[in-house]
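Here's a quick tour of one protein model, a few spots at a time. Have the sequence and the 3D view handy as you read.

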Amino acid sequence: MKIKYNAPTVLTFAFASAIVLVLSQTVAPSLTEQWFLVPGREGFSPTGLRGWLTLFTHTLGHANWPHLVSNFAFILLIGPILEEVYGSFSLFIMIAITALVTGLLNVIFFPSGLLGASGVVFMMILLASFTNFSRGEIPLTFILVLVLYLGREIFDSFGDGPGDISQFAHIVGGFIGSLFGFFRKGPMVKM
């Protein structure tokens, strides 16, 4: 038996994120803050390349190992299934769009930075509930996932929950995943 690189988009995403964390915790302590964190509205510079890049790269940066593991436990579980259904390139585009939208909205609405792939996690969770979607029907699994995952995030956003978790990115990621699932049936471009 041989080991297969079965989900190239998901695995490359996971390995790249782990490499960024290792480098930032060893030889390049400011790497995450400089290149993998979307600054809040006060710190974003529309004239610099770095600011625009971080709108995408923030999903590769994580604060620590528990943060990375909690995101990639879901991504490695759900992502390969989605990559099989939608194709590697399509999933890459969905991840990039989710990163861009969550990053832009963070820059517009929030003073604090955004770091991590949790918006992508919620995109995948909601998208996965649409894998057996038929036109004219709304899967009960989608409704339950929507209530359980996004309902909790909406509730937590009004409470005194952990201040270092971006419920907004979770909600936006879930909304984007819902839109992808609703408007796409099968692969856009399968590679």
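## Helix 8

Helices are DSSP runs of H or I with at least four residues, numbered from the N terminus.

The helix covers residues 167–183, which is 17 residues. The expected span of a helix is 1.5 Å times one less than its number of residues. For helix 8 that gives 24 Å, and its end C-alpha atoms are 24 Å apart, so the two agree.

## Where the numbers come from

This is a predicted model, where local features need pLDDT of at least 70 and side-chain atom pairs count only at pLDDT 80 or more, while totals for chains, interfaces and linings use all residues. Residues are numbered from 1 along each chain as its sequence is written, and side-chain values use heavy atoms, with hydrogens and water left out.

## A salt bridge

A salt bridge needs a side-chain nitrogen of Lys or Arg within 4 Å of a carboxyl oxygen of Asp or Glu. By that rule, the count is one. Glu42 and Arg41 form a salt bridge through their side chains, at 3.8 Å from N to O. Glu42 is exposed because its relative accessibility is 68%, while Arg41, at 38%, counts as partly exposed.

## Leu21 in helix 1

Leu21 sits in helix 1 (residues 8–25). Its relative accessibility is 1%, so Leu21 counts as buried. What does Leu21 touch, not counting residues up to four places away in sequence? Its contacts (heavy atoms within 4.5 Å) are His62, Ala63, Asn64, Trp65 and Leu68. Leu68 is 47 residues from Leu21 along the chain, and their C-alpha atoms are 8.3 Å apart.

Technical notes: Helix = DSSP H or I, 4+ residues; strand = E, 2+ residues; numbered from the N terminus. Buried < 20%, exposed > 50% of the residue type's maximum accessible area, 1.4 Å probe, protein only.
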